[in-house]
Amino acid sequence: MPADDDSTPEWLTRTQFADLLQVHVGTVSRWITSDTGMRVKRLGPNGHRVRIHRSELDRDRSAEPQEGTP
């Protein structure tokens with residue numbers, strides 16, 4: 001899905017982001033933790049609620065190393 005689609009909100013929850021990319025929400029959480037350049041904003045007093053910018057939908061994640069791969 002293109003990031004400029006008007007029906008997609010600008011900031012997505014982990015679940016929305018995972019659904020659009022057809023990955024598990026745990027995978028999205030791992031990406032957020034490992035990728036410091038990912039456009040996210042943290043909400044709430046502890047920052048546990050996360051929103052991911054829709055522009056991240058277009059990022060090529062196939063080039064990222066898999067866990068356990070040197």
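Reader: How many salt bridges does the count come to?

Author: The count comes to two salt bridges, and bear in mind that this is a predicted model.

Reader: What makes R59 and D35 a salt bridge?

Author: The side chains meet at 1.9 Å, N to O. The cut-off is within 4 Å, from a side-chain nitrogen of Lys or Arg to a carboxyl oxygen of Asp or Glu, so the pair qualifies. This pair also links distant parts of the chain: R59 sits in the segment after β3 (49-53), D35 in the loop between α2 (25-34) and β2 (40-43), and they are 24 residues apart.

Reader: Why is R59 called partly exposed?

Author: R59 has 30% relative accessibility. Buried would need under 20% and exposed over 50%, so R59 lands in between.

Reader: And why is D35 called buried?

Author: Its relative accessible area is 17%. That is under the 20% limit, so D35 counts as buried.

Reader: What makes E56 and R59 a salt bridge?

Author: Again it's the N to O value: 3.2 Å between the side chains of E56 and R59. With the limit set at 4 Å, this pair passes, so it is called a salt bridge. E56 is buried, because its relative accessible area of 5% is under 20%.

Reader: Which residues make up the largest nonpolar core?

Author: There are ten residues in all: L12, F17, A18, V28, W31, I32, M38, V50, I52 and L57. To belong, they have to be buried nonpolar residues joined through side-chain atoms within 4.5 Å. As for where they come from, α1 (14-21), α2 and β3 each supply at least two, and α2 gives the most, with three.

Reader: What is L12 in contact with, leaving aside its neighbours within four places in sequence?

Author: L12 is in contact with F17, L20, V50, R51, I52, R54 and L57.

Reader: What makes the phi of Q22 worth a look?

Author: Q22 has a positive phi of about 55°, and it is not a glycine. Most residues other than glycine have a negative phi. You'll find Q22 in the loop between α1 and α2.

Reader: Is Q22 buried or exposed, and how do you know?

Author: Exposed: its relative accessible area is 72%, and the cut-off is over 50%, so Q22 clears it.

Conventions. Residues numbered from 1 in each chain as written. Predicted model: local features only at pLDDT ≥ 70, side-chain atom pairs only at ≥ 80, totals over all residues. Heavy atoms only, no water. Helix = DSSP H or I, 4+ residues; strand = E, 2+ residues; numbered from the N terminus. Buried < 20%, exposed > 50% of the residue type's maximum accessible area, 1.4 Å probe, protein only. Contact = heavy atoms within 4.5 Å.
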